[in-house]
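The tour moves stop by stop, with a short note at each.

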Amino acid sequence: MSAAALVMSGCGIYSKYKPAEEVPEGLYGADYTATGEAAADTVNFGNAAWKTVFTDPYLQRLIDTALVRNADLQTAQLKVKEAEASLMSARLSYLPSFNFTPNGTLSSFDGSPVSKTYTIPVQASWEIDIFGKLTNAKRQTRVGYELSEANVQAVKTSLVAGVANVYYTLLMLDAQHRIAVETEAVWKQSVETTRAMKKAGMVTEAALAQTEATYYSIRTQLLTLSEQINTTQNALCLLLMETPRAIERGRLEDQSLPTDLAVGIPIQMLSNRPDVRMAELSLARSFYGTNAARAAFYPTITLGGSVGWTNSAGAAIVNPGKFLWSAVASLTQPLFNRAANIAQLRIAKAQQEEAQLAFQKTLLSAGIEVNEALEAYQTAQSKATLYDRQVEALETATRSTQLLMKHGNTTYLEVLTAQQTLLSAQLNQVANRVTEIQSVITLYRALGGGRM
């Protein structure tokens, strides 16, 4: 029997899936690839616990709540329980099955006395797994269990990043709303000033109309920002599985995220990132599916038997009943379904190739996400310096045009234009700060972050 198993293992029936140990060269891009000993010692930003990345106490409470209440995460956790039950069932398939099947009969012929017969057997059946049918089924089920666990981590990673992204978007809208409120007050004063200057003949009707139109545009922008704040709060409440409410939160100016964004070595992507892990587990499951399809070509060997008591001894009925036992062995060899088995094997092989391609694509996509997140972070940092200089220059320009207007060297329209340009630059400055923060969040998620 062991010799037969050895022969079958040579056919691939008992072979185990070998996890990937290599990734494409330059997975993160040529500009972000460490080499040599430095690469091996690089700390991976994705390994950091999420509470060390997101230190805002309001955000931490929101993430904690989401990890307890979120419907998608709860569903994923229930899938783990389902997979665990399936794995237990697969393990039990190695053991004999027992059935207790008592039966009794009452019979009479042509008015003769009623005869009573009974049989009280316990029947057993045990499939001997020589050709790997049960082994591959169990391995497939185990991989399915690991897949469900990886899915839980994937949902957690997405959930932590999602809550953080929505939270910082909310802070951005708050900051933009504050800037718009301050600007609206300035423009309201400007409208009153322009009206007075119009009465004094210092500005034209066109200048007054332009000032009023800009003022109403800013008020409209305020209403839009208020609506966006409400929508964003609702999106956050949905992640928390709560009804709409005002979200307690900090200020964008007080936020700080880690600046040491080491991406580690690409090979770590295989174990750190849940979706990459899931893609490889899907490949492993299809691998065992191919093995199972091969095993279908070989016979099934089953041992069976029964023990019990009966009072039916052929034509005679004896009381009390006598001990009864039987044993049987059967071998079932597929004959007429060979073509179906061949088709099933071809399907399994094709599915394995599909899973291999999906795994490679997922790995490459993960590398691209890391590359783009790093590029976005560096770009946002470079823009931040330029936005700071732009806002500083526009503030100087606004003050200068106001002074020049007082001395009659410029028109009030130039002052309004300077103020409007300043507002636009300030809003862009705030948006860029959030883009910088969100690129850090994206990088954290891309590296498989989200651990407790």
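Start at T214. Setting aside neighbours within four places in sequence, T214 is in contact with W187 and Q420; contact means heavy atoms within 4.5 Å. This is a predicted model, where local features need pLDDT of at least 70, side-chain atom pairs count only at pLDDT 80 or more, and totals for chains, interfaces and linings use all residues. Residues are numbered from 1 along each chain as its sequence is written, and side-chain values use heavy atoms, with hydrogens and water left out.

Stay on T214. Is T214 buried or exposed? T214 counts as buried, at 6% relative accessibility (buried is under 20% relative accessible area, exposed over 50%, partly exposed in between, with a 1.4 Å probe and protein chains only).

Zoom out to the helix. T214 lies in α7. Helices here are DSSP runs of H or I with at least four residues, numbered from the N terminus.

Next, select 133-199 and 205-239. These are helices α6 and α7, which pack at an angle of about 160° with their axes 8 Å apart. Axes are lines fitted to C-alpha atoms over the stretch in contact, and angles run from 0 to 180 degrees between N-to-C directions. That angle makes α6 roughly antiparallel to α7 (over 145 degrees). α6 passes α7 in a left-handed crossing: the near helix is turned anticlockwise from the far one by less than a right angle. Colour the contact of α6 with α7 by class: 20 nonpolar, 13 polar and 8 charged residues. Nonpolar covers Ala, Val, Leu, Ile, Met, Phe, Trp, Tyr, Cys and Pro; charged covers Asp, Glu, Lys and Arg; the others, Gly among them, are polar.

The crossing of α5 past α6 is left-handed. Show side chains at the contact. Residues of α5 including D72, L73 and R91 meet residues of α6 including K138, Y145 and L159. The contact of α5 with α6 divides into 10 nonpolar, 6 polar and 8 charged residues.

Last stop: M241. Where is M241 found? Look in the loop between α7 and α8 (269-272). M241 is partly exposed, with a relative accessible area of 47%. Check its backbone: phi of M241 is near 60°, a positive value in a residue other than glycine. Most residues other than glycine have a negative phi.

Key: Helix = DSSP H or I, 4+ residues; strand = E, 2+ residues; numbered from the N terminus. Parallel < 35°, antiparallel > 145°, perpendicular 65-115°, else oblique.
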